[in-house]
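The sequence and structure come first, and the notes follow by topic.

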Amino acid sequence: MKEPVFIGRKPVAEPDLEELVGRVALGDQEAFAAVYDVVAGPVLGVVRSVLRDRAQSEEVMQEVLVEVWRTAPRYRSDRGTAINWILTLAHRRAVDRVRSVEASAEREHKAALLDQLPEYDEVTEQVQTRLEREQVRRCLRTLTELQHQAVTLAYYRGLTYRQVAEALALPLGTVKTRLRDGLIRLRDCLGVTA
């Protein structure tokens, strides 16, 4: 029988992963280095298939291998092979990362929406202002034409009594009387107590 010809290095028999994980459980750093060499590629493959992002995949792979180092004493060979245990850890950790990223994005989205919404008091104040404005308009419609003109010029345009009298071509005393009567009527209509 012919011996196989190898190009490059002669293949070395794969170490028994279950045995290596058992040694890692005892704190054997050399065994962990061997486990790392054997499983790093498959772990990265599983994680990358879930995450797609290379940098995050590498980070999660490192987390998984640290978890293997810490939790190796919990590995039970009667429940499955060591590689399946490690790849299950990898898949779970990758799925956890996806969920974490999605939850973070959702929190940021909700926070952005809350920043756009006016505060409750601001909304209440706007509604109250609109209602008051409508009530004032309704009450202004109850004034006589002269009272309406005098109040509008004095309080909406900011004219003095004398300027209102000049604008309406009326004596100053008449304008003052019309303003006083108009304001009394507005006060009564708006339900304001003196």
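Predicted model: local features only at pLDDT ≥ 70, side-chain atom pairs only at ≥ 80, totals over all residues.

**Charged pairs**

At 46% relative accessibility, E19 falls in the partly exposed class. A search of the whole structure finds 11 salt bridges.

*Within helix α1*

- E19 and R23 both belong to helix α1, which covers residues 17-25.
- The two residues are four apart, about one turn of the helix.
- R23 is also partly exposed, with a relative accessible area of 32%.

*Between helices α3 and α4*

- E67 and R93 form a salt bridge through their side chains, with 2.8 Å from N to O.
- E67 sits in helix α3 (residues 54-71) and R93 in helix α4 (residues 82-116), so this pair ties together parts that are 26 residues apart in sequence.
- Is E67 buried or exposed? E67 is buried, because its relative accessible area is 15% and the cut-off for buried is under 20%.
- R93 has 24% relative accessibility and counts as partly exposed.

*A further pair and a network*

- The side chains of E134 and R141 make a salt bridge of 3.9 Å, N to O.
- E134 is partly exposed at 39% relative accessibility, whereas R141 is exposed at 59%.
- Through shared partners, salt bridges join E59, E63, E67, R93 and R97 into one network.
- As a general point, side chains of opposite charge can pair when their charged atoms come close.

**Nonpolar cores**

- The largest nonpolar core contains 26 residues, and V21, V35, V43 and I86 have the most contacts inside it.
- Helices α1, α2 (29-51), α3 and α4 are the elements that each give two or more residues to this core.
- Which element gives the largest share of this core? That share, nine residues, comes from α2.
- Apart from neighbours within four places in sequence, V21 is in contact with V35, A72, Y75, A82, W85 and I86.
- In soluble globular proteins, nonpolar side chains tend to be buried together.

**Nonpolar surface patch**

- Y155, Y156, Y161 and L183 form a nonpolar patch on the surface.
- Together these four residues have about 430 Å² of accessible area.
- One of them, Y161, is placed in helix α7 (residues 161-168).
- Y161 is partly exposed, because its relative accessible area of 37% lies between the 20% and 50% cut-offs.

**The chain as a whole**

- The chain has eight helices and zero strands.
- Along the sequence, the pattern reads α-α-α-α-α-α-α-α.
- Of the 194 residues in the chain, 24% are buried.
- Taking contacts between residues at least 6 apart in sequence, 57% join residues at least 24 apart.
- The chain exposes about 14100 Å², of which carbon and sulfur atoms supply 52%.

Key. Residues numbered from 1 in each chain as written. Heavy atoms only, no water. Buried < 20%, exposed > 50% of the residue type's maximum accessible area, 1.4 Å probe, protein only. Core = buried A, V, L, I, M, F, W, Y, C linked by side-chain atoms within 4.5 Å. Contact = heavy atoms within 4.5 Å. Areas by Shrake-Rupley, 256 points an atom, 1.4 Å probe, with all protein chains shown as cover. Patch = residues over 30% accessible without salt bridge, like charges linked within 9 Å, V, L, I, M, F, W, Y side chains within 5 Å.
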